[in-house]
Amino acid sequence: AAFLSFSNAKRTQVKDKHPTVGNAELSRILAQMWKDASDEEKKEHIDKEYRLRQEYKIAMTEWKKNSELAEQTARREREDKAMKAVMEGRPLGFEDHERDLRIRPL
């Protein structure tokens with residue numbers, strides 16, 4: 001993944017220097033540049049990739065938490081609606097399903 005950060009940073013520069021090469025050859029040149037890069041230059045991209053990975057993990061954790069919360073809220077609303085129908089002596093959601101079928105295109 002650090003190589004991807006490196007190659008994204010260098011791709012335009014290499015493409016300008018070698019305008020006639022295709023993507024496969026461009027990738028080979030970038031791979032050789034990565035292999036020849038100093039440890040300091042590699043560390044810069046390794047650190048960047050690590051930071052981006054940590055940000056991604058945090059964002060995914062937050063998204064999952066929000067997604068689960070929304071799912072729980074929707075489930076609770078369905079359960080409350082069903083309990084209300086039972087308490088009122090109505091069939092469980094039949095009218096709602098009938099209405100949904102009219103609204104949703106098949």
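Tutor: Start with the word helix. Here a helix is a DSSP run of H or I with at least four residues, numbered from the N terminus. Lys42 lies in such a run, helix H3. Keep in mind that this is a predicted model.

Student: How many helices and strands does the protein chain have?

Tutor: Four helices and zero strands. Along the sequence the pattern reads α-α-α-α.

Student: What makes the span of H2 close to the expected one?

Tutor: H2 covers residues 23–36, which is 14 residues. The expected span is 1.5 Å times one less than the number of residues. That gives an expected 20 Å, and H2 reaches 20 Å from its first C-alpha to its last.

Student: Which residues of H2 are buried?

Tutor: Leu26, Ile29, Leu30 and Trp34. Each falls under the 20% relative accessible area that buried requires.

Student: Why are they said to be on the same side of H2?

Tutor: Because they cover an arc of only 140° around the axis. An α-helix has 3.6 residues a turn, so residues three or four places apart point the same way.

Student: What covers the buried residues of H2?

Tutor: The cover includes helix H1 (2–17) and helix H3 (39–87). The face turned away from the buried side carries the exposed residues Arg28, Lys35 and Asp36. Exposed needs over 50%.

Student: Why is Glu49 called buried?

Tutor: Its relative accessibility is 18%. The cut-off is under 20%, so Glu49 counts as buried. Glu49 sits in helix H3. Not counting residues up to four places away in sequence, Glu49 touches Ala1 and Ala2.

Student: Back to Lys42. How do you know that Lys42 has no salt bridge?

Tutor: A salt bridge needs a side-chain nitrogen of Lys or Arg within 4 Å of a carboxyl oxygen of Asp or Glu. For Lys42, the nearest side chain of opposite charge is Asp39, 5.2 Å away. Lys42 is buried, yet has no salt bridge.

Student: What polar atom pair involves Lys42 and Trp34?

Tutor: A polar side-chain atom of Lys42 lies 3.4 Å from the backbone oxygen of Trp34. The limit for a polar contact is 3.5 Å. Leaving aside neighbours within four places in sequence, Lys42 is in contact with Trp34, Lys35 and Ala37.

Student: How much of the protein chain is buried?

Tutor: Buried residues make up 17% of its 106 residues. Among contacts with a separation of 6 or more, 45% join residues 24 or more positions apart.

Technical notes:
Residues numbered from 1 in each chain as written. Predicted model: local features only at pLDDT ≥ 70, side-chain atom pairs only at ≥ 80, totals over all residues. Heavy atoms only, no water. Helix = DSSP H or I, 4+ residues; strand = E, 2+ residues; numbered from the N terminus. Buried < 20%, exposed > 50% of the residue type's maximum accessible area, 1.4 Å probe, protein only. Arc of directions from axis to C-beta. Contact = heavy atoms within 4.5 Å. Lys, Arg positive; Asp, Glu negative; His and termini not counted. Polar contact = N/O pair within 3.5 Å; in protein donor to acceptor, adjacent residues only side chain to side chain.
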